[in-house]
Amino acid sequence: MSRQIFQLKVSLAGIRPPVWRRVLVPGAYTLDRLHRVVQYAVGWRDCHLHSFDIDGVSYGDPDPDPDGELALRDELEVRLDAVLGKGSRFRYTYDFGDWWEHDLVVEDVVLADPDERYPTCLDGGRAGPP
């Protein structure tokens, strides 16, 4: 069976002119791995907390403290192909102090090219914030 590849457009929310990237990511990736792809593609340094919001559910690195402020489902346990499909829209927030929000759209779901390595960045516009 061929692997599914998700074509995602990642855009920093509310930034004009837009800062965006188009990436190809295996559908079998967990949200934790997608976090690393977004970090690398936008140019972040993975120094802050983050979360994904998909259909009203928040995913991230759960706080081991049961009284923690954020109720996050564990991103290590969720694969892209289990919660997303073509046309899905969701949000990734990085750095809860500066609150950098990213809008993500699943533009397409295709079969993997056996000669291609994934993930890969196809295109983009403008540099990410320093």
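Trainee: Which strands does α1 lie across, and at what angle does α1 run to β2?

Mentor: This is a predicted model, in which local features need pLDDT of at least 70 and side-chain atom pairs count only at pLDDT 80 or more, whereas totals for chains, interfaces and linings use all residues. Residues are numbered from 1 along each chain as its sequence is written, and side-chain values use heavy atoms, with hydrogens and water left out. Helix α1 lies across β1 (4-12), β2 (20-26), β3 (50-54), β4, β6 (89-94) and β7 (100-111), and runs at about 145 degrees to β2. The angle is taken between N-to-C directions, from 0 to 180 degrees, with axes fitted to C-alpha atoms, for helices over the stretch in contact.

Trainee: What makes residues 31-42 a helix, and how does the span of α1 compare with the expected value?

Mentor: Helices (H or I, at least four residues) and strands (E, at least two) are DSSP runs, numbered from the N terminus. Helix α1 has 12 residues and reaches 16 Å from its first C-alpha to its last. The expected span is 1.5 Å times one less than the number of residues, and for α1 that is 16 Å, so the span is close to expectation. Just after α1, G43 takes a positive phi of about 100 degrees.

Trainee: Why is α1 described as largely enclosed by the rest of the structure?

Mentor: Of its 12 residues, 9 are buried, and therefore α1 is described in that way. Buried means under 20% relative accessible area, exposed over 50%, and partly exposed in between (1.4 Å probe, protein chains only). Among the buried residues of α1 are D32, H35 and Q39.

Trainee: How do you know that Q39 is buried, and what joins its side chain to Y92?

Mentor: Q39, a residue of α1, has a relative accessible area of 4%, so it falls under the 20% limit and counts as buried. Its side chain and that of Y92 are joined by a polar contact of 2.9 Å. The limit for such a pair of N or O atoms is 3.5 Å; within protein, one atom must be able to donate a hydrogen and the other to accept it, and residues adjacent in sequence count only if both atoms are side-chain atoms. Leaving out residues up to four places away in sequence, Q39 touches W44, R45, D46, Y92 and Y94, where contact means heavy atoms within 4.5 Å.

Trainee: What makes β5 and β8 edge strands?

Mentor: The open sheet has 8 strands in the order β5-β4-β3-β6-β7-β1-β2-β8, with mixed pairing. Each of β5 (73-74) and β8 (120-125) pairs on one side only, and these are the edge strands.

Trainee: Which residues have the most contacts inside the largest nonpolar core?

Mentor: They are V25, L31, L34, F52 and F90, in a core of 26 residues. The largest share, 6 residues, comes from α1. Such a core is a set of buried Ala, Val, Leu, Ile, Met, Phe, Trp, Tyr and Cys residues joined through side-chain atoms within 4.5 Å. Beyond its neighbours within four places in sequence, F90 is in contact with residues including L34, F52 and V106.

Trainee: Where is P17 found, and which residue does a cis peptide bond join to P17?

Mentor: P17 is in the loop between β1 and β2, and the cis bond joins it to R16, with omega about -10 degrees. The peptide bond from Y118 to P119 is also cis, with omega near 0 degrees, and P119 lies in the loop between β7 and β8.

Conventions
Two strands pair if DSSP finds at least two bridges between them.
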